[in-house]
Amino acid sequence: METVKMKPAPSGEAVGDGIPASGGKARLPEKKIIEVENLRRDFYVGDEIVHALRGISFDIREGEFVTIMGSSGSGKSTLLNILGCLDTPSSGEYRLDGIPVRSMDKNRRAEIRNRKIGFVFQSYNLLPKTTALENVELPLLYNPAVGTEERRKRSLEALQKVGLADRVQHRSNQMSGGQQQRVAIARALVNDPVLILADEATGNLDTRTSYEILSLFQELHRAGRTIVFVTHNPELARFSSRNIVLRDGHVIQDSPNRDLRSAKDALLALPKDED
Ligand SMILES: Nc1ncnc2c1ncn2[C@@H]1O[C@H](COP(=O)(O)OP(=O)(O)OP(=O)(O)O)[C@@H](O)[C@H]1O
Ligand SMILES: [Mg+2]
C-alpha cells in the first residue's frame with residue numbers, strides 16, 4: 001500500500017522509525033503528547049476491588065509509535081481507554097497535549113476525544129449496513145466547522161489513503177475484515193487527530209492482513225503520526241519504535257526497539273500459500 005500521503009514530520013525533523021537510546025535525545029521531537037503520572041484505576045465489583053492499574057507513569061512524545069504489550073488482564077485496555085478519554089483514572093495525573101484531563105468537564109473531554117484522538121478497535125466498530133464513506137464521515141458530523149462538501153472530500157481522501165478508493169460505496173457487511181479495519185483507520189484519521197490509539201487492531205485478522213494493516217500504521221508513523229498500539233502478541237512489538245510492557249497493572253518494561261522491522265518486508269517474505 002503506497003497510498004498514504006506523506007505529512008511533514010513534526011518540527012520539520014525526520015522522525016525516523018527508531019527512537020534513540022536514553023541519553024541520545026538529539027533526534028527526539030520535544031513535544032510531549034501524553035504524560036501520565038502514577039495512574040491508578042480500581043474497579044469495584046460486588047465486595048471486591050480490582051486494581052487494574054497500580055501506578056503507571058510514562059511520557060509519549062509526538063511522532064512515537066509505541067506498542068503496549070502484556071498478557072490478558074494486565075491492564076492494557078484500561079490504560080488505553082484512559083489515554084483516549086473514554087474513562088477516568090481513580091487517581092494520578094494525565095496530561096494530553098499539555099492539558100490536565102482531570103480539569104476538563106465531560107463535554108470538553110468528548111470534544112477532545114473527537115478532535116484529537118482517532119480510535120481503532122479489534123472489532124472495527126463500524127455502523128452495520130452503512131457505506132464505507134458514511135462510516136468515515138461520522139466523526140465529522142460532530143464538527144460544526146466542517147460543511148457537507150468538505151466532509152465528503154476529506155472522507156474520500158481518508159479512504160484513498162488506506163487504499164479503499166474503489167470501495168467507498170460498499171456497506172460494512174460487503175467488505176472483508178481487513179477492508180473493514182481499513183475503513184476504521186480512515187475514520188480514525190479523518191479528523192486529523194494528534195494521536196491514534198489502537199486496541200488489538202489486528203486481533204481478528206489473518207497473518208497477511210495483519211501485516212497489511214501494520215504496514216499502514218508504519219506509513220502513518222513515517223508521516224509523523226503518534227500511535228499507541230495495544231496488543232498481547234509480542235511478535236507485533238517488532239514493528240513499532242518503543243515497547244511498554246504491563247504486568248498486573250504495573251509497567252515492567254519500557255524500551256526502544258533497536259531492530260525495527262518493516263511490515264511491508266514481512267508481508268513480502270510470507271510464503272505464497274500462507275493465505
Ligand atoms: N469495567 C470493569 N469492571 C471491573 N473490572 C474490570 C473492568 N474492566 C477491566 N476490569 C479488570 O481489570 C483488569 C484489566 O483489564 P483489561 O481489560 O485492561 O486487560 P487487558 O490487558 O486489556 O486484557 P486483554 O488482553 O484480555 O484484552 C482485569 O482484571 C479486568 O477483569
Ligand atoms: Mg484488552
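Predicted model: local features only at pLDDT ≥ 70, side-chain atom pairs only at ≥ 80, totals over all residues.
## A tour that starts at the ligand

Residues are numbered from 1 along each chain as its sequence is written, and chains are lettered from A and ligands numbered from 1 in the order in which they are written.

**Stop 1: the shell.** Select ligand 1 and the 13 residues that surround it; a residue is near a molecule if its C-beta atom, placed from the backbone, lies within 6 Å of it. The closest are Phe43, Ala52, Ser72, Ser77 and Thr78. Now colour strand S1 (32–45), strand S2 (48–61) and helix H1 (76–83), each of which supplies at least two shell residues. Helices (H or I, at least four residues) and strands (E, at least two) are DSSP runs, numbered from the N terminus. Which element gives the largest share of the shell? That is H1, with three residues.

**Stop 2: helix H1.** Stay on H1 and you will find six of its eight residues buried: Lys76, Thr78, Leu79, Leu80, Ile82 and Leu83. Buried means that 20 or more other C-beta atoms lie within 10 Å of the residue's own; with 12 or fewer it is exposed, and in between partly exposed, C-beta atoms being placed from the backbone. Just after H1, look at Cys85, which takes a positive phi of about 60°.

**Stop 3: the open sheet.** Next, show the four strands in the order S2-S1-S4-S5, an open sheet with antiparallel pairing. Its edges are S2 and strand S5 (99–100), each pairing on one side only. Strands pair if DSSP finds at least two bridges between them; S1 and S2 have eleven, in the antiparallel sense. To see one bridge, pick Ile34 and its partner in S2, Ile60.

**Stop 4: the core.** Now select Ile68, Val120, Ala186, Leu197, Ile227 and Val228, the residues with the most contacts inside the largest nonpolar core, which has 63 residues. Such a core is a set of buried Ala, Val, Leu, Ile, Met, Phe, Trp, Tyr and Cys residues joined through C-beta atoms within 7 Å. Leaving aside neighbours within four places in sequence, the contacts of Ile68 include Lys76, Leu79 and Leu80, as well as Val228 and Ile244; contact means C-beta atoms, placed from the backbone, within 7 Å.

**Stop 5: Met69.** Move to Met69 in strand S3 (residues 65–69). Is Met69 buried or exposed? Met69 is buried, because 22 other C-beta atoms lie within 10 Å. Beyond residues up to four places away in sequence, Met69 touches Thr231, His232, Pro234, Ala237, Asn243 and Val245.

**Stop 6: a hairpin.** Follow Asn243 to its opposite residue, Ser255 in S10. Strand S9 (residues 242–247) and strand S10 (residues 250–256) pair in the antiparallel sense over six bridges. Two residues lie between these strands, and Asp248 in this hairpin takes a positive phi near 45°.

**Last stop: Ala223.** Finish in the loop between helix H6 (207–222) and strand S8 (226–230), where Ala223 lies. Ala223 counts as partly exposed because it has 16 C-beta neighbours inside 10 Å.

Technical notes: Contact = placed C-beta atoms within 7 Å.
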